[in-house]
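Here's a quick briefing to read alongside the sequence and the model. Have both open as you go.

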Amino acid sequence: MPYVFYDTETTGTETAFDQILQFAAIKTDADFVELDRFDIRCRLLPHIVPSPGALRVTKVTPPMLTNPALPSHYNMIRQIRTKLLEWSPATFIGYNSLAFDEDLLRQAFFQNLHPTYLTNTGGNSRGDIMRVSHAIHAYSPDSISVPIGDNGKQTFRLDRLAPANGYNHDQAHEAMADVEATIHMARLAHDRTPDIWQAMVRSVTKNAVKQHVIGESIISLTEYYFGRAYSWLVTYCGENPTYDAQLAVFDLYHDPDDYRGLSIDELVGVLNRSPKVIRSLRANAQPILMPADTAPVSVKALQIDPDERQRRVDIIRGDTDFQARVGQALALRFADQEPSPHVEKRIYDGFPSRNDQALMEQFHRVEWTERAAIAAKIDDPRLSEFANRLIYFENPQLLSAEKSAELRTWLVERTMTENEDVPWMTVPKAMRETDDMLADATGDEAELLSEIKDFLCEFDNYFVSN
């Protein structure tokens, strides 16, 4: 299966409330030979205030944000989706993509009325070279050079890791340059640590992960927190009955006899407690799963006599009632969580109905003059809201005077509010951030920040007053 390596440059790091400004991707064969490439930028959305810190890193200037020659965000996302479908089926790979770019891409599809899960449906799968790099560092540390960051600790940032491993990354934080750096790290992993590469490739699909976790009696599991690796010897002990991508594994350092008699509610408490006795594992997020005999020497379960470890495995594997209760505990863990008041954060609050799916497809096929009528027929309030926003951004005159006034009021409040607690960037917050950075900036950086400040001062003239 081919690989599609991709990267995004964005207005900030809040994946539900920021936007993609640039998307770049390269399709390769299994040997990393380039087959095709795609690179596109778009204009800033009217309700998105870019983070000055993000613009400082990417060197994106205000004229680039408002360039009329660039497509709108809506048209860019349509072109991205068309290209990715043309390249499918494939394994979609980024760098730190499972924690960031994937969420951005899903949000872009969701907020533009497209099916959300392109990269892991229709025969597609997804991977992350940061996770591969983590795996190499944990299981074959001499095979990769991990640099020291400004805080004196090891860093896996691509702009530091790729140069430390022989790549000239002078154009870091430009999407296509980051794609090429990601391919360099993938090729390095494939060539230097083929066993680890194959293990991580196996983990790009949910079903393969589930089969492996359930089929192997003991697995070495590794996760990274704040750049540091933690590993455990674990065995399968349950599956969420309402979300089959979520598995539970038991840390064999602990005696299962202390937990097998617990009720479902008590097991919820165990799942929420630290240190973790029972760990939640996302089968659709390329977990780092390696053979038990390769576990790092720091793993605590290695202190347990092998016969005792096997006894613990046999007990857990043979107790299907315990596994069922653990699965129910996984399902109940966040059952009382209140829905978000923000429509963008409700991306996982259910799938659209078949009728709404048909209306979403029709929305993109017809002319703008017909789209307001389609928006009025959509039942899902999330999708109806996004449909009206799209019309307002592209052709506001097609909405009723009442709806247009409603969205204009929303736009003003969204971008200009003084409320510090909102989860998105606002003009007042961006102005303060810019002033803070200007205090120490010099040269080209000071010039860029001054340009950003001028842009923010005129933000309402660019978007709100129009």
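Predicted model: local features only at pLDDT ≥ 70, side-chain atom pairs only at ≥ 80, totals over all residues.

Residues are numbered from 1 along each chain as its sequence is written, and side-chain values use heavy atoms, with hydrogens and water left out.

**Overall fold**

- The protein comes to 19 helices and ten strands; helices (H or I, at least four residues) and strands (E, at least two) are DSSP runs, numbered from the N terminus.
- Its C-alpha trace spans about 75 × 50 × 45 Å along the principal axes.
- Of the 466 residues, 54% count as buried. Buried means under 20% relative accessible area, exposed means over 50%, and partly exposed is in between (1.4 Å probe, protein chains only).
- Among contacts with a separation of 6 or more, 67% come from residues 24 or more positions apart; contact means heavy atoms within 4.5 Å.

**Cysteines**

- The disulfide count is zero, where a disulfide is a pair of cysteine sulfur atoms within 2.5 Å.
- Cys42 is buried at a relative accessible area of 3%, and Cys237 is buried too, at 0%.

- Ser88 and Pro89 are joined by a cis peptide bond, with omega about 0°. Pro89 sits in the loop between α3 (73-87) and β4 (91-94).
- Another cis peptide bond links Ser274 and Pro275, again with omega about 0°. Look for Pro275 in the loop between α10 (264-272) and β9 (278-282).
- Asn96 isn't a glycine, yet has a positive phi of about 60°. Asn96 is in the loop between β4 and α4 (101-111) and is partly exposed, with a relative accessible area of 29%.
- Phe226 also has a positive phi, about 55°, without being a glycine. Phe226 lies in the loop between β6 (219-225) and β7 (228-239), and is exposed at 89% relative accessible area.

**The second largest pocket**

- This pocket has a volume of about 620 Å³. Its lining has 23 residues, and the closest to the centre are Glu9, Asn96, Phe100, His173 and Asp178.
- The elements giving two or more residues to that lining are β1 (3-10), α1 (52-58) and α6 (158-164).
- By class, the pocket lining has seven nonpolar, ten polar and six charged residues. Ala, Val, Leu, Ile, Met, Phe, Trp, Tyr, Cys and Pro count as nonpolar, Asp, Glu, Lys and Arg as charged, and the others, Gly among them, as polar.
- On a 1 Å grid over the protein atoms alone, a pocket is an open set of points with protein on both sides within 12 Å along at least five of seven lines, a cavity is a set where a 1.4 Å probe fits but cannot get out, and lining residues have an atom within 4 Å of a point.
- Grid points are joined across faces, edges and corners, and a volume is the space filled by probe spheres set on the points.

**Cavities**

- There are three cavities of 30 Å³ or more.
- The largest cavity has a volume of about 180 Å³. Its lining counts 21 residues, with Leu45, His47, His73, Gln111 and Asn112 nearest the centre.
- Helices α4 and α15 are the elements that give two or more residues to the lining of the largest cavity, which divides into ten nonpolar, seven polar and four charged residues.
- The second largest cavity has a volume of about 40 Å³, and its lining is Leu21, Arg41, Cys42, Val60, Met64, Leu65 and Leu70. That makes six nonpolar, no polar and one charged.

**Single residues to look up**

- Asn75 is in helix α3 and is partly exposed at 31% relative accessibility.
- Ser384 belongs to helix α15 (residues 381-394) and counts as buried at 18% relative accessibility. Apart from neighbours within four places in sequence, Ser384 is in contact with Ala375 and Ile378.
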